[in-house]
Amino acid sequence: MLNRRHIRIKVMQTLYALHQSNSDQVQIGEKFLTHSMDSIQELYLLMLTLMVEIRKREADYIDISQKKHLATKEERNPNKKFIENKVLVLLTDSSSITNKVEERSMTYWQKNDQYVQMILDEIKQSELYKNYMQSTVRSFEADKDFIVDLYTEIIAPNERVYEFLEDTKLTWVDDLPVVNTLIQKQLRQLKQKDENFFVPRVFKDEEDKEFALNLFKRTFLNSRELSKEYDGKTPNWDKERIAAIDIMILRMAICEMLRFSSIPVKVTINEYLELAKEYSTPKSSIFINGILDNISKELEADGRLQKIGKGLL
């Protein structure tokens with residue numbers, strides 16, 4: 001679920017949070033980082049179960065309408081194509097999703113059901129929904145295509161969902177693109193023979209988890225030594241003028257160059273340039289690129305880059 005770039009973002013956010021709070025407690029940082037990384041699975045489950053709750057809300061509405069004393073012909077014989085959508089049923093019946101939700105005692109949508117109704121109303125007013133309900137085609141592929149489009153066009157970019165996530169847990173705003181991309185990919189890959197919808201692990205493997213914790217600890221505990229690597233190499237920048245987030249990025253990148261022998265220097269520089277473009281000032285990526293390029297050449301000349309394997313420099 002978490003790729004290396006997103007792990008770097010999580011570490012950067014943790015270092016920045018400790019900087020802002022003037023904390024020197026590594027244990028606090030580790031706890032913050034671990035919780036931040038783990039919570040991405042909670043966001044993933046939240047976005048999946050939104051579709052489940054929308055289906056349940058519509059099923060309840062149909063059930064109540066059918067039981068009305070003066071029900072109309074349409075209410076007595078409703079179009080159940082949406083609630084019988086094979087992908088939505090698969091998500092609803094997934095033991096993998098259900099077990100993880102119960103494990104985490106997740107009740108977000110139950111406590112904030114107004115959002116479920118708002119999204120359902122938006123869906124039912126959309127041309128996408130109307131065209132799907134009017135179509136006589138009944139197949140797994142047609143159902144899947146509809147849900148992929150529904151998620152991509154209405155749920156993933158929804159401003160109300162975004163506001164809810166931002167109010168609930170601020171770090172989720174950065175996690176949302178990763179989660180949305182993963183869900184869209186999983187939905188597209190579904191087959192009719194699939195009997196369950198599996199929830200992926202937070203980390204691809206233990207190596208990625210160790211990378212996250214080691215990158216944080218090695219950067220945090222060696223911040224003074226790492227700072228010395230760029231001190232005096234910023235002639236056009238006063239120390240006080242360098243943005244705090246740029247300092248975190250520089251320290252992390254230098255730490256990665258020196259302490260992570262299997263990661264190529266070019267990969268390190270490119271990854272942190274992307275972080276600078278996304279999270280810092282417009283000029284930061286140019287500034288950071290120049291500093292890291294000079295530092296990497298100096299470290300290589302001094303024989304301090306201990307990289308394993310060919311092409312790692």
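Predicted model: local features only at pLDDT ≥ 70, side-chain atom pairs only at ≥ 80, totals over all residues.
Reader: How many aromatic pairs does the structure hold?

Author: Rings of Phe, Tyr and Trp (its six-membered ring) pair if their centres lie within 6.5 Å; planes under 30 degrees apart count as stacked, over 60 as edge-to-face and the rest as tilted. By that rule the structure holds eight aromatic pairs.

Reader: Which helices are linked by the pair of tyrosine 115 and phenylalanine 164?

Author: The two rings are 4.9 Å apart centre to centre with 50° between the planes, a tilted pair. Helices (H or I, at least four residues) are DSSP runs, numbered from the N terminus. The two residues are 49 apart and link distant parts of the chain, tyrosine 115 being in helix H7 (residues 113-125) and phenylalanine 164 in helix H10 (residues 159-168).

Reader: Is phenylalanine 164 buried or exposed?

Author: Buried means under 20% relative accessible area, exposed over 50%, partly exposed in between (1.4 Å probe, protein chains only). Phenylalanine 164 has a relative accessible area of 4%, so the answer is buried.

Reader: What is the geometry of the pair formed by phenylalanine 216 and phenylalanine 220?

Author: The two residues are four apart in helix H12 (residues 206-221), so about one helical turn separates them. Phenylalanine 216 is buried at 0% relative accessibility, and phenylalanine 220 is buried at 16%. With 5.5 Å centre to centre and 20° between the planes, the pair is stacked.

Reader: Over which ring does the charged end of arginine 218 sit?

Author: A charge sits over a ring if NZ of Lys or CZ of Arg is within 6 Å of the ring centre and within 35 degrees of the ring normal. Arginine 4 lies over the face of phenylalanine 211, 4.1 Å from the ring centre. For arginine 218 the distance to the centre is 4.9 Å, and the ring is that of phenylalanine 260.

Reader: How are H13 and H14 oriented to each other?

Author: Axes are lines fitted to C-alpha atoms, for helices over the stretch in contact (heavy atoms within 4.5 Å), and angles run from 0 to 180 degrees between N-to-C directions. Helix H13 (residues 223-230) and helix H14 (residues 244-259) have axes 9 Å apart at an angle of about 95°. Angles under 35 degrees count as roughly parallel, over 145 as roughly antiparallel, 65 to 115 as roughly perpendicular and the rest as oblique. H13 and H14 are therefore roughly perpendicular.

Reader: Which residues does arginine 201 contact, leaving aside its neighbours within four places in sequence?

Author: Arginine 201 is in the loop between helix H11 (172-189) and H12, and is exposed at 59% relative accessible area. Apart from those neighbours, arginine 201 is in contact with Met1 and Gln41.

Reader: How far apart in space are lysine 31 and threonine 14?

Author: Lysine 31 is found in helix H2 (residues 26-66) and counts as exposed, at 66% relative accessibility. Lysine 31 and threonine 14 are 17 residues apart in sequence, and their C-alpha atoms are separated by 9.5 Å.

Methods: Residues numbered from 1 in each chain as written. Heavy atoms only, no water.
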